[in-house]
Amino acid sequence: MDNLLEVRNLNVDFSNGDGQIRVISDLSFTLVRNEVLGIVGESGSGKSVTSLSVMRLLPTAGAQTQGEVLFEGKDLLSVSEQEMQQIRGNRVAMIFQEPMTSLNPIHTCGRQITESILLHSKMTKKEAQAKALQLLELCGIPDAPQRLKEYPHQLSGGMRQRVMIAIALACDPDLLIADEPTTALDVTIQAQILKLMKDIRKQRNMSVIMITHDLGIVSDFCDRVAVMYTGEIVETAPVKQLFRDPLHPYTTGLINALPRLTGPAGRLEAIEGMVPDAGQMPEGCRFNPRCKQATERCRREHPMLKTLSDGRCVRCFLFEDKDQGEKQHGE
Ligand SMILES: Nc1ncnc2c1ncn2[C@@H]1O[C@H](COP(=O)(O)OP(=O)(O)OP(=O)(O)O)[C@@H](O)[C@H]1O
Ligand SMILES: [Mg+2]
């Protein structure tokens with residue numbers, strides 16, 4: 001298979017006053033070309049830190065990153081800053097969780113898109129301006145010539161997010177990382193932006209990492225999904241399989257917590273307990289204090305992420321023997 005991105009054994013530590021806190025632990029996943037991979041998990045599970053590490057945009061002071069981030073086989077963690085800037089502009093782009101903090105308040109939207117185009121192509125200013133207009137139109141921004149002259153604060157949240165998408169697309173990236181691109185928006189606008197991203201993705205054959213805590217978005221948009229808990233991946237699976245037959249008790253909990261549109265009403269079942277603090281991880285499996293199926297071993301030993309015979313991965317002792325059984329039965 002043609003892997004566009006391969007993250008291998010990524011660890012990220014932040015220093016605080018007392019020492020180091022590990023917020024990403026031994027994270028590995030792959031993104032096949034043209035695939036949409038969802039990364040889901042509760043707040044604080046490390047989704048944004050993961051995407052910022054791939055982009056190499058974590059603060060240099062205070063964050064230590066180890067492991068490999070292979071983009072077409074090249075390790076982004078070891079290229080020069082200059083090369084990384086090239087890659088960031090031309091090959092990999094990111095839509096940030098907070099459009100207001102990533103747009104520059106003192107420049108017009110037009111200038112920001114045009115500059116991004118000029119930085120990464122040999123176009124003249126005029127050509128870049130024409131492309132900026134085209135991009136705004138592609139992103140469904142009405143009255144685009146007028147919008148180009150406006151400043152970010154003059155736009156609604158939905159329009160700002162569209163401008164962010166336009167900037168991200170300015171360089172025709174092969175990989176788009178979208179970090180909760182619709183979380184701050186109301187439901188109707190959210191649906192519009194997702195539809196837009198779907199259309200653009202198809203048109204441009206982009207691969208996408210969609211970061212979200214919304215399983216609805218995952219089922220609607222993604223091909224495969226990685227579930228994160230406390231800085232670790234606990235399960236990866238094709239989307240349909242994940243919803244039909246979740247393996248990890250945490251994934252099952254997330255899916256059971258979804259309000260049902262069909263079937264008996266009132267089955268809302270949130271996962272009990274709290275996500276532990278980064279500095280106070282429980283012994284053994286990190287999910288064990290919240291897991292109804294936890295055994296003595298789960299409280300003692302930390303499970304590895306295991307690849308099952310059907311290609312799914314799960315970090316849970318419950319599936320160690322099961323898979324061997326399946327294999328014995330010829331699956
Ligand atoms: N710059 C930083 N310095 C120190 N700790 C950080 C920094 N950025 C993130 N963290 C910590 O890393 C952990 C993961 O944070 P991250 O922002 O990746 O979570 P997330 O999954 O994106 O959450 P959300 O759904 O709320 O966006 C959290 O414990 C957070 O407090
Ligand atoms: Mg985040």
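**A residue and its core**

A: Ile165 touches Ile95, Cys139, Ile193, Leu196, Met197 and Ile200, leaving out residues up to four places away in sequence. Touching, or contact, means heavy atoms within 4.5 Å.

Some ground rules come next. This is a predicted model, where local features need pLDDT of at least 70 and side-chain atom pairs count only at pLDDT 80 or more, while totals for chains, interfaces and linings use all residues. Residues are numbered from 1 along each chain as its sequence is written, chains are lettered from A and ligands numbered from 1 in the order in which they are written, and side-chain values use heavy atoms, with hydrogens and water left out.

Now step back to the core. The largest nonpolar core has 58 residues, and Ile113, Ile165, Met197 and Met210 touch the most other members. Helix H7 gives the most to this core, with 7 residues. A second, separate core has 31 residues, including Leu37, Val54, Met94 and Ile177. A nonpolar core is a set of buried Ala, Val, Leu, Ile, Met, Phe, Trp, Tyr and Cys residues joined through side-chain atoms within 4.5 Å. Buried means under 20% relative accessible area, exposed over 50%, and partly exposed in between (1.4 Å probe, protein chains only). In soluble globular proteins, nonpolar side chains tend to be buried together.

Helices (H or I, at least four residues) and strands (E, at least two) are DSSP runs, numbered from the N terminus. Cys109, Gly110, Gln112, Ile113, Thr114, Ser116 and Ile117 are the buried residues in H4. The buried residues of H4 pack against helices H5 (125-138), H6 (144-148) and H7 (157-169). H4 covers residues 109-120, 12 residues, so at 1.5 Å a residue it should span 16 Å. The end C-alpha atoms of H4 are 17 Å apart, which agrees. The expected span is 1.5 Å times one less than the number of residues.

In H1 (residues 47-55), 7 of the 9 residues are buried, so the helix is largely enclosed by the rest of the structure. Those buried residues are Lys47, Val49, Thr50, Ser51, Ser53, Val54 and Met55. Just after H1, Arg56 takes a positive phi of about 55 degrees.

Other residues are buried too. Glu35 sits in the loop between strand E2 (19-32) and strand E3 (36-40). Glu35 is buried, with a relative accessible area of 9%. Beyond its neighbours up to four places away in sequence, Glu35 touches Thr30, Arg201, Ser207, Val208, Asp223 and Arg224. Val239, in helix H10 (residues 239-244), is buried, with a relative accessible area of 6%. Val239 and Asp223 are 16 residues apart in sequence, yet 5.6 Å apart in space, C-alpha to C-alpha.

Last, the whole chain. Its secondary structure comes to 13 helices and 12 strands. The radius of gyration is 21 Å, close to the 20 Å that the globule rule gives for 331 residues, so the chain is as compact as a globular protein of that length. The radius is taken over C-alpha atoms, and the rule is 2.2 Å times the number of residues to the power 0.38. Buried residues make up 48% of the 331 residues.
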